[in-house]
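Please keep the sequence and the 3D view open as you read.

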Amino acid sequence: MSGTSNIFIAAFIGLVFFVLYLFIDKAITRAQKIKRIERNAKLTSTYDEMGFNKDLTSAVELEQEMSLPAKAMDQFLRVIGINVDAALKKLIPEVTQAGMNVTNAPIYVLFYRRVIAYVVTLIGILLLAKGEDNINYIAGGLFLVLGLFGAKLYISNCTQKRKKALLRSFPDSLDLIVVCVESGLALDAAINRVCVELGYAHPILAKELNRTRLELALLNNRAQALSNLAERTDLVAFRSLVAALI
């Protein structure tokens, strides 16, 4: 009984530290991104004119460098023989639709699925095998669920919440885009206006539209930039809007 309890306590502490580590890494990455945006804002007056200095967190960078922990996880997965590039190609659309950091999140999810999930599942099996009371059975079942379905449930939950937020924001953004276009603004300027006006009320939508605005400015293919918006949101309303714009 004591040995099983020690395994459960050690596993629980390990999971707590892993979750805390992810939160700390996310906070550090966010702080670094804000510093880069502030530095770019000093070099380019366009940010001031577009209002990004009022809410630096709403700006989007199209390319970010992978954090050191993510790089370490990437190297570890490659060493144990996992085709990281192919796996990330499948994971990136999932984490993008969930609203996660596209640079680091796929590596974290892949590392959880290919390494941590097996450890957690094994702990759950051990707890169930040595189950002497209800606590062991409950803990074992919990670890099994976390190991087998933890990452999938988390991504699915984030995706559903994000889609609901985008659907709530869509009518206001569409009305404002129509008003801006009818007043004579170009599409890029209209999208930028929506980002500035709705940045506080609908931050998730503003982030997506701002990314689209940047892609429209940087990519040669405007249809591809708009199609990327439809793929990231994966909603019928946005796909219909993108089709109409294209």
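Is Cys158 buried or exposed? With a relative accessibility of 18%, Cys158 counts as buried, because buried means under 20% relative accessible area, while exposed means over 50% and partly exposed lies in between (1.4 Å probe, protein chains only).

## About the model

This is a predicted model, in which local features need pLDDT of at least 70, side-chain atom pairs count only at pLDDT 80 or more, and totals for chains, interfaces and linings use all residues. Residues are numbered from 1 along each chain as its sequence is written, and side-chain values use heavy atoms, leaving out hydrogens and water.

## Overall build

The protein has 10 helices and 0 strands. Both kinds of element are DSSP runs numbered from the N terminus: helices are H or I with at least four residues, and strands are E with at least two.

Of the 246 residues in the protein, 41% are buried. A contact means heavy atoms within 4.5 Å; among contacts with a separation of 6 or more, 61% join residues 24 or more positions apart. The exposed surface comes to about 14,300 Å², and carbon and sulfur atoms supply 63% of it. These areas come from the Shrake-Rupley method with a 1.4 Å probe, and for residues only the protein chains shown count as cover.

## Cysteines

Cys180 is buried too, with a relative accessible area of 6%. How many disulfides does the protein have? The count is 0, where a disulfide is a pair of cysteine sulfur atoms within 2.5 Å.

## Helix H4

Helix H4 covers residues 84-97, and its 14 residues reach 20 Å from the first C-alpha to the last. That is close to the expected 20 Å, a span given by 1.5 Å times one less than the number of residues. Even so, H4 has a kink of about 35° at Leu91, shortly before the proline Pro93. The bend at a residue is the angle between axes fitted to the seven residues ending there and the seven starting there.

Leu91 is also one of the buried residues of H4, which include Val84, Ala87, Leu88 and Val95. The buried residues of H4 pack against helices H3 (68-79), H5 (105-129), H6 (134-182) and H9 (222-233). Just after H4, Gly99 takes a positive phi of about 80°.

## A buried glutamate

Glu208 lies in helix H8, residues 203-218. Glu208 counts as buried because its relative accessible area is 9%. Leaving aside residues up to four places away in sequence, Glu208 touches Arg162, Leu166, Leu229 and Arg232.
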